[in-house]
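Try each one before reading its solution.

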Amino acid sequence: MDTDTIHPSFAADVVHRAKTTGWDSWLSHVAGAAGCSNPVRLAGDLHTVNEATGQILAARSTATMPDGVIYKACGTRRASLCPTCAKTYQHDAFHLVRSGMIGGKGVPETVTSHPALFVTLTAPAFGPVHTRTLTASGKVRPCRARRDAETCPHGIRLACHTRHGEDAPEIGQPLCLECYDHDAQVVWNIASGELWRRTRINIDRGLSRLAKAHGIDPASVRLRYVKVAEFQRRGAIHFHTLIRLDGRSPIAGDVVIPPPAAIGADDIATIVSEAAVSTHFRTDEHEERPEGWLIRWGAQVDVRQIELGEGELTENHAAGYLAKYATKATEDTNHLSGRLDETTVHFYADPQGDHIARLIAACWDLGRQGGQWIRLRRWAHMLGFGGHFMTKARAWSTTFGALRDARAQWIRCQHEVDTEEADTTVLVNYLRYDGTGWHTAADALMASSAASRAREQRQLAREALHELNTTD
Ligand SMILES: [Zn+2]
Ligand SMILES: [Zn+2]
Ligand SMILES: [Zn+2]
């Protein structure tokens, strides 16, 4: 919105809101969703029920509330859709990843003694692209320095001596768009989940062999994973994975117990590296390529140990990376669209266009064969990747749902004075979807500024509390 000129209808909406519900009562009504860009509106009845007897203690209808609805935050993980909700998601992701390494939130503190690795698996090359890499001392290397660089069939010399800046638009762009194998890349993206599944099977087999060699029952050890998918600038997916070695008791199931001391982080690192090199498979045939595509990992397999407390890669670094990547989809490739269909695909796909347009065109074109290949059309807006952006073993730590419930419970306690009663009552809501978003630009602006004021106040309160604690 242009801040210099206020649209007359905006002013009218401000006045209308003040005259009808009043800003103060409206803002306190929407407080729970105020920071959200795109809240969900729900209408219906809210019942407070005695848990033991089933007696309805209080009933309220949203019809009596401002706008006749309650507002619920959209809860998206994607920062490009709603910055506030993505922040909440990122915060939750950070804590649930971290507690799997240091304990807390239902995870025993003995987990700090378990070997833990941070593994990055990338896609292979589909043609030379502009890159930005750093030397050990942190200097930017020339992009692609080649004294005797070859010239491609399209007359492009396959070298680049530029030291690209961090946000240089060239990064991830092919040196020659014609030579680049866009088909192979989108097929790799759609097959990456299966490649990971097979790699995991091979890692688990490696662990079984190692356990047996140590005289340990393979059923008494288990690797648990958190995996986040991230798009590289070239539009290929890559995976960041946290791997933790746990012990396993046949009677306790998902309870996290320490692993046998004989197996260390070095052993797991070797098993993971070997599985990353050896795992590969060929896709089914396609009329474009009767022999199918060979699916394997790229040469850059990075396996690092997590050092608790301090070091080059601590639990905070690892949890921070994963939480950051978990709130993005294709944003870094500069492509953003929802699911595509016959009527919208031509806005984005072009076999003669730029890199991203060619990737989307490749998805659409290869998907024409139907069968399993139809998934390439379904996921064309994700450049072929149809998997989850964050997956986590159940026993890694707590869940997003549990963190959300804890927050809802906390908000409820803030509003209910009689907590004794709160323990024995449940809220039973009969709500239907009324719509999405704020009604007017005035509502949206007022809600968002109220939310940022509330954030500032919480920050000030935290700082004051901190000062109090440190001066004592
Ligand atoms: Zn939101
Ligand atoms: Zn370059
Ligand atoms: Zn070329």
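**Exercise 1.** Is Asp-181 buried, partly exposed or exposed? Then find its salt-bridge partner.

*Solution.* Keep in mind that this is a predicted model. Start with the accessible area: Asp-181 has a relative value of 28%. Buried would require under 20% and exposed over 50%, so Asp-181 is partly exposed. Next, look at the side chains: Asp-181 meets Arg-289 in a salt bridge, at 3.7 Å from N to O. Arg-289 sits in the loop between strand 7 and strand 8, and Asp-181 in the loop between strand 4 and helix 4, so the pair ties together parts 108 residues apart in sequence.

**Exercise 2.** Which parts of the chain does the salt bridge between Asp-434 and Arg-41 tie together?

*Solution.* First, check the contact: the N to O distance is 3.1 Å. Then locate the ends: Asp-434 belongs to strand 11 and Arg-41 to strand 1, so the bridge joins parts that are 393 residues apart in sequence.

**Exercise 3.** Which residues gather in a patch of positive charge on the surface?

*Solution.* The members are Lys-87, Arg-455, Arg-458 and Arg-462. Now trace where they come from: helix 11 (residues 441–471) gives the largest share, 3 residues, while Lys-87 lies in helix 3.

How values were computed
Residues are numbered from 1 along each chain as its sequence is written. Chains are lettered from A and ligands numbered from 1 in the order in which they are written. This is a predicted model: local features need pLDDT of at least 70, side-chain atom pairs count only at pLDDT 80 or more; totals for chains, interfaces and linings use all residues. Side-chain values use heavy atoms; hydrogens and water are left out. Patches are made of residues with over 30% relative accessible area and no salt bridge: like charges are joined within 9 Å, nonpolar side chains (Val, Leu, Ile, Met, Phe, Trp, Tyr) within 5 Å. Accessible areas come from the Shrake-Rupley method with a 1.4 Å probe; for residues, only the protein chains shown count as cover. A salt bridge is a side-chain nitrogen of Lys or Arg within 4 Å of a carboxyl oxygen of Asp or Glu. Lys and Arg count as positive and Asp and Glu as negative; His and the chain ends are not counted. The place of a charge is taken as NZ of Lys, CZ of Arg, CG of Asp or CD of Glu. Helices (H or I, at least four residues) and strands (E, at least two) are DSSP runs, numbered from the N terminus. Buried means under 20% relative accessible area, exposed over 50%, partly exposed in between (1.4 Å probe, protein chains only).
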